[in-house]
Amino acid sequence: MLRKIRLTFAMICFVLITLLFLDFTGTLHGWFGWLAKIQFLPAVLALNVGVILFLVILTLVCGRIYCSVICPLGVFQDILAWLGRQPKKRRKLPYSYSPALSWLRYGVLGVFIIALIAGIGSLAALLAPYSAYGRIANNLFQPIWQWGNNLLAYLAERADSYAFYETDVWLKSLPTFIIAAATLAVLVVLAGRNGRTYCNTICPVGTVLGFLSRYSLFPHHNRFGKVQPMQSLFTQLQGSLHQL
């Protein structure tokens, strides 16, 4: 039950953030724009101390719940991993969890920090999880969303209704489109076969929060004896109550 609550909040955040990227009218930003402000890296770049402290304290209390509930790229990987765990007759690639490569994730984190200090925003945005998912949503998902809107506008016009209006669908940038497509392909392969490998190995935010989660008040140990930081505070509390 508690796991379902966590998954429900994760899907709500994921859908709303995705709609923020897809919305070409700007209507949703007035209602749910705050979801973009509570993302870890945007908060750091904006020097939003309140949000940063909240996310750090949240991680120290209940592990990397940020990655599994708030971050759209983390939730997207969970969806792909769930698809990868389906029965063999419904998938083509074998599925198994893979351990994080410490040398790679700390190396990527170092490159990310250097890029921020040096002002190389393009490299930092390439590695940032929120920016990575934003590129995928804007360049790959949004055209499909707009084509669907234009189809509804066409059908509505034929019914003498103007509830929808057509919008131009165009390629914003070919290099950005290629990067978004490549990122999506990497996520599909990694998450579909090995779970949240990208988040645990390449994502700089995941690396930082993963380090902080080692000191969380409610750590969870899986059957391999390693800390599993994806559990919510509610699940940890439930386990503690059962031990009393």
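Pro-204 counts as buried, at 2% relative accessibility. In this predicted model, Pro-204 is placed in helix 13. Leaving aside neighbours within four places in sequence, Pro-204 is in contact with Leu-109, Phe-112 and Leu-127. Ala-128 is 76 residues away from Pro-204 in sequence, yet the two C-alpha atoms are 6.9 Å apart in space.

Helix 13 covers residues 204-213 and helix 8 covers residues 102-118; their axes come within 9 Å and cross at roughly 115°. On the helix 8 side, the contact is made by Arg-105, Tyr-106, Leu-109 and Phe-112, and on the helix 13 side by Pro-204, Thr-207, Val-208 and Phe-211. The crossing of these two helices is left-handed. Leu-109 and Phe-112 of helix 8, which take part in this contact, are also listed among the contacts of Pro-204.

## Overall fold

The protein chain holds 14 helices and zero strands. Read from the N terminus, its elements run α-α-α-α-α-α-α-α-α-α-α-α-α-α. The chain has 244 residues, of which 39% count as buried.

Among contacts in the protein chain with a separation of 6 or more, 67% are between residues 24 or more positions apart. The chain exposes about 14200 Å², and carbon and sulfur atoms supply 70% of that area.

## The largest nonpolar core

The largest nonpolar core has 45 residues, and those touching the most other members are Tyr-66, Leu-73, Tyr-133, Leu-187, Val-205 and Leu-209. Helix 1 gives the most to this core, with seven residues.

Which residues does Tyr-66 touch, not counting those up to four places away in sequence? They are Ile-38, Gln-39, Phe-40, Leu-55, Cys-71, Val-205 and Leu-209.

Asp-23 sits in the loop between helix 1 (2-22) and helix 2 (29-32). Its relative accessible area is 15%; this is under 20%, so Asp-23 is buried.

The side chain of Asp-23 has a polar contact of 2.6 Å with the side chain of Thr-25. A polar atom of the Asp-23 side chain also lies 3.0 Å from the backbone nitrogen of Leu-28. Not counting residues up to four places away in sequence, Asp-23 touches Leu-28 and His-29. Leu-28 is therefore reached by a polar atom of Asp-23 and is also in its contact list, where contact means heavy atoms within 4.5 Å.

## Asn-150 in helix 10

Is Asn-150 buried or exposed? At 15% relative accessibility, Asn-150 counts as buried. Asn-150 lies in helix 10, residues 129-158. Beyond residues up to four places away in sequence, Asn-150 touches Tyr-165, Glu-166, Thr-167 and Val-169.

## Leu-47 between helices 4 and 5

Leu-47 is placed in the loop between helix 4 (40-45) and helix 5 (49-62). Leu-47 has a positive phi of about 55°, although Leu-47 is not a glycine. With a relative accessibility of 68%, which is over 50%, Leu-47 counts as exposed.

Terms used:
Residues numbered from 1 in each chain as written. Predicted model: local features only at pLDDT ≥ 70, side-chain atom pairs only at ≥ 80, totals over all residues. Heavy atoms only, no water. Helix = DSSP H or I, 4+ residues; strand = E, 2+ residues; numbered from the N terminus. Buried < 20%, exposed > 50% of the residue type's maximum accessible area, 1.4 Å probe, protein only. Polar contact = N/O pair within 3.5 Å; in protein donor to acceptor, adjacent residues only side chain to side chain. Core = buried A, V, L, I, M, F, W, Y, C linked by side-chain atoms within 4.5 Å. Areas by Shrake-Rupley, 256 points an atom, 1.4 Å probe, with all protein chains shown as cover. Axes fitted to C-alpha atoms, helices over the stretch in contact; angles between N-to-C directions. Left-handed = near helix turned anticlockwise from the far one by under 90°.
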